[in-house]
Amino acid sequence: MDRELLERQLTQLPIVEYLFFETEELTFSPRVRYICETECPRYGKSWACPPGCGTVEDCQARCLRCPHGLLITTMTEVSDIADIRETLNTRGDHEEITRAVRELFRAQGVEPYVLSTESCALCEECTYPDAPCRHPDRMFPCVESQGILVTELSERHGIGFWAEGNIVTWFSLLLFDEEAS
């Protein structure tokens, strides 16, 4: 994979910051799922969310199959950052950017495992738990659903995510193995 080309292409997108990292740096913890379980209206309603996406241990094993990762961030403003429903409704632009970055990888023959903000909104009604996902190739599980402490990775590398006011920082991780492609 030509990372220099990818970096030039990333600068053409409305990405706030990005970081290449090794997946062994990721920290996985069941504690990350607390907000999923207690506050997210999509918990238990999608294959992209717990418990449908598997245990944290399952997710960790899946993620670590890819030795490398790219973290991207975007930011958006909401009227009330404490309103999780309003906040979740702003993720569409970030998802489009994430899809564009995935296509940049694919253009170089690399198929990334993509984690983003979605509790998956592709279908009007998810098949969970009665039938398999209709679009597993298009669904991006939520970073937090995997148990990943993405803020810890960000802090370690100086990626900013706290902003004044009602600014939401969205994260995506594109995990990849250059050798497998």
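Biologist: Which residues does T98 touch?

Modeller: Residues up to four places away in sequence are not counted. T98 then touches I72, V114, S116, F140, S172 and L174. Contact means heavy atoms within 4.5 Å. This is a predicted model: local features need pLDDT of at least 70, side-chain atom pairs count only at pLDDT 80 or more, and totals for chains, interfaces and linings use all residues. Residues are numbered from 1 along each chain as its sequence is written, and side-chain values use heavy atoms, with hydrogens and water left out.

Biologist: Why is T98 called buried?

Modeller: Buried means under 20% relative accessible area, exposed means over 50%, and partly exposed is in between, with a 1.4 Å probe and protein chains only. T98 has 0% relative accessibility, so it counts as buried. T98 lies in helix 5. Helices (H or I, at least four residues) and strands (E, at least two) are DSSP runs, numbered from the N terminus.

Biologist: What makes I97 count as buried?

Modeller: The relative accessibility of I97 is 11%, so I97 counts as buried. I97 is in helix 5 too. Apart from neighbours within four places in sequence, I97 is in contact with P14, I15, I72 and T74. I97 and T73 are 24 residues apart in sequence, with their C-alpha atoms 9.6 Å apart in space.

Biologist: How do you know that Q146 is buried?

Modeller: The relative accessible area of Q146 is 0%, so Q146 is buried. Q146 sits in the loop between strand 3 and helix 6. Beyond residues up to four places away in sequence, Q146 touches F28, C53, V56, C59, R62, C63, Y113, L115 and P141.

Biologist: What joins strand 3 to strand 4?

Modeller: The join is made by 3 bridges, and the two strands run antiparallel. L115 stands opposite L173 in strand 4.

Biologist: What makes a set of residues a nonpolar core?

Modeller: The set holds buried Ala, Val, Leu, Ile, Met, Phe, Trp, Tyr and Cys residues, joined through side-chain atoms within 4.5 Å. The largest core has 18 residues, and F21, L71, I148 and L173 have the most contacts inside it. Strand 1 (17–22), helix 3 (56–64), helix 6 and strand 4 each give two or more residues to this core. Strand 4 gives the most, with 3 residues. In soluble globular proteins, nonpolar side chains tend to be buried together.

Biologist: Which residues is L173 in contact with?

Modeller: Neighbours within four places in sequence are left aside. L173 is then in contact with F21, L26, L70, L71, Y113, V114, L115, V143, I148 and V150. A second, separate core has 15 residues, including L6, F105, V114 and L174.

Biologist: What is the volume of the largest pocket, and what lines it?

Modeller: Its volume is about 1000 Å³. The lining has 32 residues, with I35, T87, E144, T169 and W170 nearest the centre. Strand 4 supplies the largest share of this lining, 5 residues.

Biologist: How many cavities of 30 Å³ or more are there?

Modeller: The count is 1. The largest cavity has a volume of about 100 Å³. Among the residues lining it are R42, W47, C120, C133 and M139.

Key:
On a 1 Å grid over the protein atoms alone, a cavity is a set of points where a 1.4 Å probe fits but cannot get out, and a pocket is an open set with protein on both sides within 12 Å along at least five of seven lines; lining residues have an atom within 4 Å of a point. Grid points are joined across faces, edges and corners, and a volume is the space filled by probe spheres set on the points. Two strands pair if DSSP finds at least two bridges between them.
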